[in-house]
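Hello,

Here is the structure I promised to pass on to you. Have a look at it first, and then read my notes below.

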Amino acid sequence: MRPTPVPLTPTAAELRELALTELEYQAATVQLDRAPNPLELGMLGALWSEHCSYKTSKALLRQLPQHGERVVQGPGENAGVVDLGEDLLCCFKIESHNHPSAVEPVQGAATGVGGILRDVFAMGARPVALLDAIRVGDLGDPGQRQRFARVVEGIGWYGNCIGVPTVGGETYFDQAYQHNCLVNAMCVGLARRDQLVRARASGPGNPLLLVGADTGRDGIHGATFASVELDHSAEERRPAVQVGNPFLEKCLLEACLELTGDPDLIGLQDCGAAGLTSSCAEMAHRGGVGLEIEVDQVSRREQGMTPYEVMLSESQERMVLVVRRGSEDRFRAAFQRWGLHSDVVGRVIEEPLFRITAGGDEVASLPLQVLVSGFPERHPEARAPEVAAALAADPLARNPPWSAEAAWLMLLASPNCGDSHWIWRQYDHQVGDDTVLGPGGDAAVLRLRGRPDALALTVDSAHRSAAVNPRQATAIAVAEALRNLACVGAEPLGITNCLNFGDPDQPEIMWQLQEAVGGLADAARALGVPVVSGNVSLYNQFDGQGIPPTPTLGVVGLLPELSRRLGAGFTKAGDLVALVGPAGAGPAGVELGGSEYQRLAHGVLEGLAPEVDLQLEGRTAAAMRAAIHQGLLSSAHDCSLGGLAVALAESALLGGIGARIKPPLSLPDRPAPSWRMGLLFGESQGRYLVSLRPAQRDAVTTHFGKHRTPWAILGRVGGSTIAVEGVAEIAWEAAQSAWRSALPSRLEPAGAPGS
Amino acid sequence: MSARFGVAVFPGTWSDRDCVHAVGLTGAEAVPLWHADRDLKGCEVVILPGGFAYGDYLRAGAIARFAPLMEAVREHAQAGGLVLGICNGFQILCEAGMLPGALLRNSSLQFRCQPTWLRVETTATPFLASCQPGELLQLPVSHGEGRFYADPKTLARLNDEGRVAFRYTDQGGGLSAEANPNGSLENIAGILNEQGNVMGMMPHPERACEQLLGSDHGLQLFCSAIQHLPLLTG
């Protein structure tokens with residue numbers, strides 16, 4: 001199926017193909033004072049798509065805190081930038097590639113990685129780390145197994161080939177993502193301050209260079225494709241999925257980084273969604289100038305491509321540059337050294353117009369104001385869904401289907417709580433020689449050469465309860481990211497976010513979006529962490545059914561002294577085990593609403609999401625960081641999915657040794673049927689499971705007292721079992737085999753080679 | 001004693017900077033060698049690092065063997081100079097015929113990045129002369145095509161002539177299928193040419209030169225090469 005330009009007076013259906021509404025078409029006509037021609041309409045459709053314009057989410061996103069002492073660049077550029085001090089900057093961004101990955105998992109996921117890498121090196125930063133967040137359906141379904149394995153393959157393939165380590169990530173499996181998998185990729189890069197490049201055109205007469213891959217017919221309408229619901233014909237959308245070439249991108253990366261800092265380089269931008277149209281238009285608009293493009297100058301991969309196809313192609317591995325007039329040959333020679341072809345395809349003009357010529361004739365001319373920001377903002381109706389009954393239900397009232405021991409092992413053996421090494425052993429997580437803590441811990445840690453401090457990175461998404469309480473669930477995700485960083489000893493510097501939602505024209509989904517952004521804004525503000533970049537992915541929908549709201553956060557932190565970093569595993573027999581944070585929360589002391597246990601045991605979502613006290617979270621995280629910095633602790637692990645019991649088991653398994661603790665709360669007189677399960681697996685917030693040398697006991701007591709942080713010693717590291725006294729005890733060996741086999745047992749048929 | 005190391009840079013090489021860093025830790029000098037040049041810049045040891053030289057869409061190393069730099073590397077080896085091929089570098093040396101055998105897709109059909117234990121099988125090469133025979137080294141692997149294969153005759157020769165440099169083992173030095181990350185024949189992780197001056201290995205010593213990164217066992221290889229630099233005959 002070859003995309004064709006729509007005729008001059010498009011029908012509603014033809015507009016839909018461009019993800020435009022009739023209202024938007026009218027708005028364009030009024031602003032232009034004429035009907036756009038088919039090429040112009042295609043360009044408008046691409047730039048006015050949700051993917052490029054944020055027309056639905058823009059008003060909401062304004063509430064996010066975007067400023068801070070360390071913020072060098074907030075949203076609006078290719079990536080956000082924070083200051084690490086001593087002239088070193090950290091650029092980072094997360095972006096979705098959900099729709100393409102649903103249709104063609106390997107290439108979809110791979111080009112998601114490729115795209116986010118370009119966003120970072122377009123800023124002049126060398127990418128030093130990749131992370132990813134994946135959501136797919138239940139692994140019991142062979143189709144989902146295949147999709148998941150192929151998404152992992154795609155992420156690995158691109159990152160491994162280009163030589164940027166994939167150091168962390170997050171994966172969650174749930175039936176609700178069966179038709180719409182989510183693939184969010186985050187890239188983190190480093191730049192010296194004088195190397196930072198902005199994606200801005202200026203200086204009329206300056207040439208525009210297009211470098212990298214030749215332009216083909218792949219990915220046409222990718223941006224609009226990402227802005228409509230998937231349906232049964234999604235397979236036919238395969239031509240809208242791009243094909244990646246990591247080798248070419250490696251050359252592009254090295255060549256671009258050689259050129260950053262060159263005084264003749266004025267602007268650099270990657271060709272992502274909506275290809276040349278969006279990259280050039282945005283670059284010119286930011287610089288307050290215009291651009292003229294001669295499509296005939298664009299090298300093609302195929303013959304007979306129309307201006308429409310050239311302008312809307314999303315062929316990967318292309319960058320555009322504006323350079324000072326007269327220096328173009330020097331730049332072209334520098335690219336040539338890396339085997340890269342480049343063309344001068346246009347020039348900067350004074351008038352703020354985007355003008356396209358073909359064969360000497362003008363084929364499109366759009367004021368940039370209209371093209372880039374003329375879209376009418378949308379404010380779809382938001383309405384809270386009817387969830388009162390689900391929220392009112394008492395999750396502790398159900399009778400547990402399993403014994404506590406069986407449930408514990410079941411959780412450890414589940415894909416969501418189990419060991420994730422099956423995934424990350426397929427990712428090169430070491431290249432660069434800077435990965436001090438790789439995947440599988442609370443946060444990844446990368447050293448910064450020649451400095452005592454280090455980078456800490458994490459990706460966290462809202463859990464299940466987001467479906468009924470998106471505001472709280474999103475705040476919880478921020479708190480979890482904060483805790484993950486605190487566990488290694490790091491303080492958050494900035495957030496990048498990827499908002500994955502269904503169709504915002506459904507009032508319940510608009511409500512979810514509104515609430516989630518509100519929750520993110522509340523939490524980011526309360527914890528003092530600015531949101532510096534982000535991406536919105538709407539229309540993650542199939543047959544009228546949206547995905548559960550899935551805001552994903554990538555957070556970059558700084559660890560003041562690398563040598564003080566901590567891991568999650570217990571380190572020594574005889575160490576004390578303690579819980580930092582509240583012993584209990586919620587009306588019954590334990591909380592099971594929306595927990596992973598509830599999903600596995602009962603297959604329902606009921607009860608309130610766990611309470612989250614952002615002030616206490618902030619204080620506890622600060623206390624944890626200070627304790628780690630002073631060397632008071634031996635290990636630290638966040639209590640999240642699967643609660644205290646899973647955290648305890650993970651610290652024991654990672655440390656290769658058992659542990660025995662007493663319950664943090666005493667059993668009530670008449671406990672509800674699931675109270676013990678709540679004690680073990682409840683996902684109450686603000687809690688860390690730590691270990692410390694017995695000799696540090698007094699110092700730690702004084703420390704947390706000074707920080708007004710609740711904490712309690714619960715037991716000791718040691719032995720061959722993992723036990724919560726009087727509640728449940730499992731053998732270390734059994735826990736290990738359940739946890740280690742969570743993914744391999746589902747993804748590798750018995751007897752497969754090399755498993 | 002110091003030495004000058006050349007680190008080959010193909011456009012798709014990504015371990016070059018790690019190798020430069022690792023060599024730097026020994027106090028020796030490391031200089032990049034551009035794939036399109038024939039100049040070894042007076043280097044005594046040439047490292048062909050990991051990566052995807054020209055994309056490796058065909059077969060790993062299949063195009064790199066034709067690079068101008070490889071002519072100089074071949075002459076250097078013929079003159080008795082030291083050449084260390086790591087990961088993609090090993091693949092290139094096999095494709096170039098400078099080492100026997102081939103590196104096939106991992107038996108798992110997946111990329112593998114993980115720590116491995118290696119048993120030093122010979123010390124008859126400057127790269128391992130400082131090791132004890134049977135010594136165990138912990139070095140990581142990171143590859144999708146690292147399954148060493150050779151026909152039975154070649155394999156027998158490699159064994160008979162003591163040219164197997166390392167085998168994958170468990171932590172205690174025992175050979176097992178579990179310890180073999182890619183399905184290599186006889187757990188072979190690295191081999192030598194007849195003269196012992198060219199070594200190819202899939203594991204990455206340059207990633208294991210600091211305790212901070214999990215192991216510093218890799219440093220020995222670079223130090224050993226510096227201490228046992230051969231006199232060039234060419």
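**A helix pair in chain A**

Helix H7 of chain A passes H8(A) in a right-handed crossing. Please keep in mind throughout that this is a predicted model. The axes of H7(A), which spans residues 105–121, and H8(A) come within 7 Å and cross at roughly 40 degrees. That pair of values is how two packed helices are described: the angle between the axes and the distance between them.

Which residues make the contact? On the H7(A) side they are A:Pro105, A:Val106, A:Gln107, A:Gly108, A:Ala109, A:Ala110, A:Val113, A:Gly114 and A:Leu117. Their counterparts in H8(A) include A:Arg147, A:Arg150, A:Val151, A:Trp157, A:Tyr158 and A:Ile162. By class, the contact of H7(A) with H8(A) divides into 11 nonpolar, five polar and three charged residues.

**Where the chains meet**

The contact between the chains draws 23 residues from chain A and 24 residues from chain B. On the side of chain A that touches chain B, the elements giving two or more residues are H8(A), residues 142–162, and H10(A), residues 246–259. That side has eight nonpolar, 10 polar and five charged residues.

Seven strands of chain A form an open sheet with mixed pairing, in the order E23-E25-E22-E26-E24-E27-E28. E23(A), residues 635–638, and E28(A), residues 728–731, stand at the edges with a single partner strand each, so one side of each has no neighbour in the sheet. From one strand to the next, the twist averages 20 degrees. Strand E27(A), residues 721–724, is joined to E28(A) by four bridges, and the two run antiparallel. A:Ile722 stands opposite A:Ile730 there.

Helix H22(A) covers residues 643–655 and reaches 18 Å from its first C-alpha to its last, close to the 18 Å expected at 1.5 Å a residue. This helix is mostly covered, with 12 of its 13 residues buried. Among the buried ones are A:Leu644, A:Val646, A:Leu648, A:Glu650 and A:Leu653. Just after H22(A), A:Gly656 takes a positive phi of about 70 degrees.

**Over to chain B**

Chain B has an open sheet of nine strands with mixed pairing, ordered E2-E1-E3-E4-E11-E10-E9-E6-E7. Its edge strands are E2(B), residues 29–34, and E7(B), residues 136–143, each pairing on one side only. The twist averages 25 degrees from one strand to the next. Within this sheet, E1(B), residues 4–9, runs parallel to E3(B), and three bridges join them. One place to check is B:Gly6, whose bridge partner in E3(B) is B:Val46.

Why is helix H3(B) described as largely enclosed by the rest of the structure? Eight of its eight residues, 88–95, are buried, so the helix is largely enclosed. The buried residues include B:Phe90, B:Ile92 and B:Leu93, along with B:Asn88, B:Gln91 and B:Glu95. What covers them includes strands E3 (45–48), E4 (82–86), E5 (102–104) and E11 (198–201) of chain B. Just after H3(B), B:Gly97 takes a positive phi of about 75 degrees.

Enjoy looking through it, and do write back with your questions.

Best wishes

Key. Residues are numbered from 1 along each chain as its sequence is written. Chains are lettered from A and ligands numbered from 1 in the order in which they are written. This is a predicted model: local features need pLDDT of at least 70, side-chain atom pairs count only at pLDDT 80 or more; totals for chains, interfaces and linings use all residues. A residue is buried if 20 or more other C-beta atoms lie within 10 Å of its own, exposed if 12 or fewer, and partly exposed in between; C-beta atoms are placed from the backbone. Two residues are in contact if their C-beta atoms, placed from the backbone, lie within 7 Å. Ala, Val, Leu, Ile, Met, Phe, Trp, Tyr, Cys and Pro count as nonpolar, Asp, Glu, Lys and Arg as charged, and the others, Gly among them, as polar. Axes are lines fitted to C-alpha atoms, for helices over the stretch in contact, and angles run from 0 to 180 degrees between N-to-C directions. A crossing is left-handed if the near helix is turned anticlockwise from the far one by less than a right angle, and right-handed if clockwise. Two strands pair if DSSP finds at least two bridges between them. The expected span of a helix is 1.5 Å times one less than its number of residues.
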